[in-house]
Structure formats: structure tokens, C-alpha cells
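Student: I would like to go through this structure term by term. Please set each value against its definition.

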Amino acid sequence: MKFTYGNLIGGVWRDTPSTFHTMNPARPSQCAGTYALPTTGMVDEAVEAAADAQRAWRKLPAPERCAALARFVDAIEANRERLAHAVTVEQGKTLVESRGEIAKACAESRFMLQHVMTGEGTRHVPALRAGVRNMVLRRPRGVIVAITPWNFPVMTPMRKIAPALGFGNAVIIKASEFTPAAACILGELAAGVLPDGLLQVLHGGPDIGNALVSHPGVHGVTFTGSVGTGKRIVAATASNLAEVSLELGGKNAAVIHDADDLDACLDQVANAALMCTGQRCTAVSRVLVRRELRAQVAQGLAERAGNMRVGNGLDAATQLGPITHRAQLDHVMSAVSKAREEGARVAVGGRRLEIEGCEGGYFFAPTVLDGVRPDSAAAREEIFGPVISIVEYESLDDALNLLNSVEYGLTAAFFSNDAKAIARFVEECETGMLHVNHGTVPDSHMPFGGIKASGVGAYSVGPSAAAFYTTEHAVYLGK
Ligand code: NAD
């Protein structure tokens with residue numbers, strides 16, 4: 001089945017003569033969907049419709065808003081198979097991974113709705129003047145634009161939609177031009193459950209994204225994607241001074257310092273590195289290992305990577321799907337050849353794979369690069385594919401220096417049974433999320449975000465989201 005969608009504006013799907021296509025990365029000759037590109041006038045219309053819808057929505061008591069959103073989440077759960085199929089066909093991940101993504105999106109959304117109900121950020125403060133009551137209130141910010149990437153086509157939009165609407169805003173989603181089907185299905189499921197105009201879906205790439213984020217009627221921009229685009233969004237929002245929350249790239253490390261059970265540790269690391277074909281922002285991309293353990297770690301990871309079944313995500317036997325689009329495959333291939341030039345040894349993988357029945361599919365063998373130099377690109381730059389770079393170190397000081405030497409600061413894992421070493425990792429690791437003795441997969445009710453080049457502004461999920469989705473007001477209640 002092929003997806004065909006216009007733009008969802010004010011509750012109506014709007015077509016235009018200008019369209020673009022998506023393809024199935026497992027079989028790129030197969031067109032997956034056709035989508036209408038909005039006109040500039042439609043961007044204005046969407047912002048206006050969002051403002052209209054938000055004026056009424058913000059007046060509803062939060063329990064009513066959250067009850068409507070809970071019904072929306074119920075509808076997503078009821079349509080799990082339809083959504084999972086859309087994710088797998090355009091993004092490439094396995095159906096098991098797609099179903100897991102949807103389950104997690106629903107769990108996170110429900111958590112954020114509970115969170116809205118706590119009235120996060122509102123409080124009473126002692127007053128200086130007698131008889132006066134001081135309060136800090138938070139109000140909905142207004143019209144939120146959400147720009148999302150292609151790796152989690154349901155979870156990333158929902159990570160923005162649930163808090164945006166829960167806190168009383170309207171939201172316009174511009175999904176990735178590679179994977180728009182899931183956002184369109186979310187838009188369809190909102191019909192009749194949420195007021196028209198509250199959740200709108202526009203298509204397109206950088207041009208439409210830029211028109212939205214710089215629009216004078218927009219009050220907040222929540223973005224997940226690459227560092228380069230994040231910087232362009234910060235520059236664009238200089239024109240409307242919209243608040244921004246950016247979740248950006250990573251070069252996440254697993255540090256293997258010592259491990260009672262090295263096999264269990266390597267299972268965790270391989271899983272955290274390779275699931276979703278390494279196209280998770282929180283994927284482990286470099287393994288920093290104490291010199292004495294390097295050979296064992298390289299062999300153990302190479303065995304695990306070499307045993308993974310790569311194929312079409314729709315095939316039940318597949319463990320790893322293709323890379324999502326051609327330019328990303330080219331990027332991964334050129335990162336691996338540069339690593340070779342810079343002295344890394346390919347312990348396993350390092351090449352494209354042909355899969356029967358999927359001619360031309362963007363498959364890349366799970367790859368372990370051993371002997372990666374700490375100053376080389378494979379040790380420092382985001383690859384965003386099924387590639388693990390192994391870098392050895394001598395002392396804990398070296399490990400922590402290497403860990404913090406990259407521009408990114410999203411997540412990290414540390415494997416050790418030494419309490420002092422763990423304490424130093426927890427204190428000194430420059431990332432937003434830190435895991436001890438397990439991989440980098442986050443819980444659905446913990447703050448999610450990064451520092452340094454991995455994030456700007458409030459985290460998604462948890463208390464700091466209120467700081468982005470609402471504005472703060474100091475109220476002095478006199479007699
Ligand atoms: P990308 O930055 O190329 O695109 C992301 C989105 O931004 C797309 O919807 C795109 O159309 C839009 N866009 C592009 N230029 C724009 C502009 N000038 N103005 C407004 N919007 C614009 O990223 P991608 O390739 O889709 O995703 C991969 C990247 O996302 C990786 O770097 C990955 O690490 C990062 N990522 C981060 C997180 C996180 O939570 N930190 C999660 C997932 C992905």
C-alpha cells in the first residue's frame with residue numbers, strides 16, 4: 001500500500017500540485033509515499049489556525065486536555081500495527097523495533113500527561129510585603145513548531161506533541177521528508193479526538209522548516225536533528241525570538257573499565273550500538289576500553305556484530321534493517337573508508353550487503369573498527385550507522401579525558417565494579433544522560449536530553465519540559 005497525503009491544516013487535508021516521494025530503503029526502487037508540498041501561504045494559514053485553536057484549548061482545564069490526549073494515545077495504541085508498518089516501510093527498522101518505538105512513545109506521552117497534572121513550576125513564594133501573597137505561575141507558551149528527524153517517526157513527534165498539547169499549546173509538526181507517513185497517521189488519529197487546528201502536519205524539507213521556525217506567529221520551536229540544522233534554527237529564530245529546545249547529535253561512548261561478566265557487558269554494548277541499525281541518537285558509537293581488555297572486547301563485539309541478520313525490516317527473521325536513505329549510506333561508507341585511511345582495522349563488516357529480494361537496498365554490514373586512534377574522525381565524529389569504533393586507553397584519567405574530548409554530550413555508559421571509578425564517572429562525565437553497567441537505552445519517564453553540542457534548552461520528558469512549553473509569571477496578590 002502506498003501512502004498519499006496532503007498537508008493537515010485546520011482539520012482539512014490540503015493537496016498542492018507540487019509533490020515529493022519517499023521510498024522503502026530496503027527496496028529503493030519502490031515508491032513508499034507521495035506527499036504534497038505546502039505553499040508559503042499555507043504556512044501562514046497553519047500558524048493562524050494553530051493560534052485560533054490554541055485560544056480555546058488553553059482555557060480548558062488541564063484534566064480535560066489530558067483526558068482528550070489520553071484518548072489520542074489510546075487511538076495510537078489501537079493503531080499500532082498500522083503505524084509500525086508505516087515506520088518500517090519508510091524508515092527501514094524491523095517491525096519489532098517499530099512496535100517497540102510506538103509502545104515507548106505511548107508510555108512517554110502518558111508520563112508527560114501525568115506530569116502536566118502536577119502543575120510543574122507553579123508555586124507560592126514568601127512575600128516581602130505584609131498581606132501580600134506571591135505566586136509563580138506558568139501559562140501555555142502559544143504556537144509550537146516541532147521539527148523532527150527520520151530515525152523515530154512516531155516517538156520523536158509524540159515526545160513533542162504530548163507535552164505541547166498537555167501544557168495548553170497548539171503544535172505544527174514538520175516531520176522528516178524521508179519518513180512523513182507516521183506523522184500523517186498521527187494527524188488522522190487526532191481527528192475527532194482533538195479540536196481541528198490543534199495538531200497540524202506540514203511537509204517539506206529545509207525551506208518549509210525555515211519558513212515555520214522563523215514565522216512571526218510562532219512562540220516556540222522544538223527540534224530534534226543534526227547540529228548543523230540546530231544552528232540554522234537558532235539563527236532563524238533571531239527574527240521571531242521564539243524559544244528553542246534542541247536535541248542534537250551525539251558521539252556516545254561506552255567505557256569498559258572492568259567487568260565481572262564481560263559477556264553480559266558486551267551484549268549490552270552491542271545492543272546499544274547496533275539496534276535500529278545504529279541510527280539512534282543515543283546509540284553507542286565508540287567503545288573506550290582498558291588496554292588489557294581490548295583484544296577480548298574487539299573479538300566479542302565482532303562476533304556479535306557478525307552474527308546479526310541484516311535484511312528487510314518487514315521480514316520476521318531480520319534483526320537489523322537498512323540505512324534509511326542513500327545520502328546516509330554514503331556518509332557511513334565514507335566514514336568507514338576514512339577510518340581505514342586513518343589506521344583503523346576492520347574487525348568485521350565494513351561493506352555494503354546485497355540481500356536477496358531487496359536489490360539495491362541500503363544495507364550495510366554491522367561493523368567493528370578496532371585500533372581506532374583517539375584523534376581520528378571515527379573516534380570523534382558522529383557516524384549514525386551500524387559502526388562501532390574501539391579506542392583503547394591506559395588509565396581512568398585517560399578514559400575520562402577521551403570520554404569528554406568530543407564536542408557532543410548526549411549519553412554515555414560506564415562498565416566497572418570499582419565504586420571510586422563509578423563515582424568519578426558520575427561526577428565528571430560531560431553528558432546529559434549517564435548509565436552505569438548497562439547500555440544507553442533511556443527509560444520513558446526520565447529526563448531526556450544532552451549538553452554541549454548535543455542539546456540546547458529544556459530537555460524532553462520530565463520536569464524541565466515545562467520550562468519550554470510554558471511561560472513563567474511572577475504574581476503579587478495584594479489585599
Ligand atoms: P536533519 O538536521 O538533517 O533534519 C532534521 C529535520 O530538520 C528534518 O525534518 C529536516 O527537514 C529539518 N530541517 C532541515 N533544515 C532545516 C532548516 N534550515 N530549518 C528548519 N528545519 C530544517 O537531521 P536528520 O538527518 O533528519 O537526523 C539525524 C540527526 O538527528 C543526527 O545528527 C542525530 O544524532 C540527530 N538526532 C538527535 C536526537 C536527540 O534526541 N538528541 C534524536 C534523533 C536524532
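Tutor: A salt bridge here is a side-chain nitrogen of Lys or Arg within 4 Å of a carboxyl oxygen of Asp or Glu. This is a predicted model, in which local features need pLDDT of at least 70 and side-chain atom pairs count only at pLDDT 80 or more, while totals for chains, interfaces and linings use all residues. Residues are numbered from 1 along each chain as its sequence is written, and side-chain values use heavy atoms, with hydrogens and water left out.

Student: Why is the pair of glutamate 392 and arginine 291 called a salt bridge?

Tutor: The closest N and O atoms of glutamate 392 and arginine 291 are 2.9 Å apart. The limit is 4 Å, so the pair qualifies as a salt bridge. The structure holds 24 salt bridges.

Student: What makes this pair a tie between parts apart in sequence?

Tutor: Helices (H or I, at least four residues) and strands (E, at least two) are DSSP runs, numbered from the N terminus. Glutamate 392 lies in strand 19 (residues 387-393) and arginine 291 in the loop between strand 14 (284-290) and helix 10 (294-306), so the pair joins parts 101 residues apart in sequence.

Student: How many helices and strands does the protein have, and why is the protein called as compact as a globular protein of its length?

Tutor: There are 15 helices and 25 strands. The radius of gyration, taken over C-alpha atoms, is set against the globule rule, 2.2 Å times the number of residues to the power 0.38. For 479 residues the rule gives 23 Å, and the protein's radius of gyration is 23 Å, so the protein is as compact as a globular protein of that length.

Student: What is the area buried between domain 1 and domain 2?

Tutor: Buried area is the accessible area (1.4 Å probe) that two parts lose on being put together, summed over both. Here it is about 2,400 Å², with carbon and sulfur atoms giving 61%. Ala26, Trp150 and Ser454 supply 23% of the area that domain 1 buries against domain 2, more than any other three residues.
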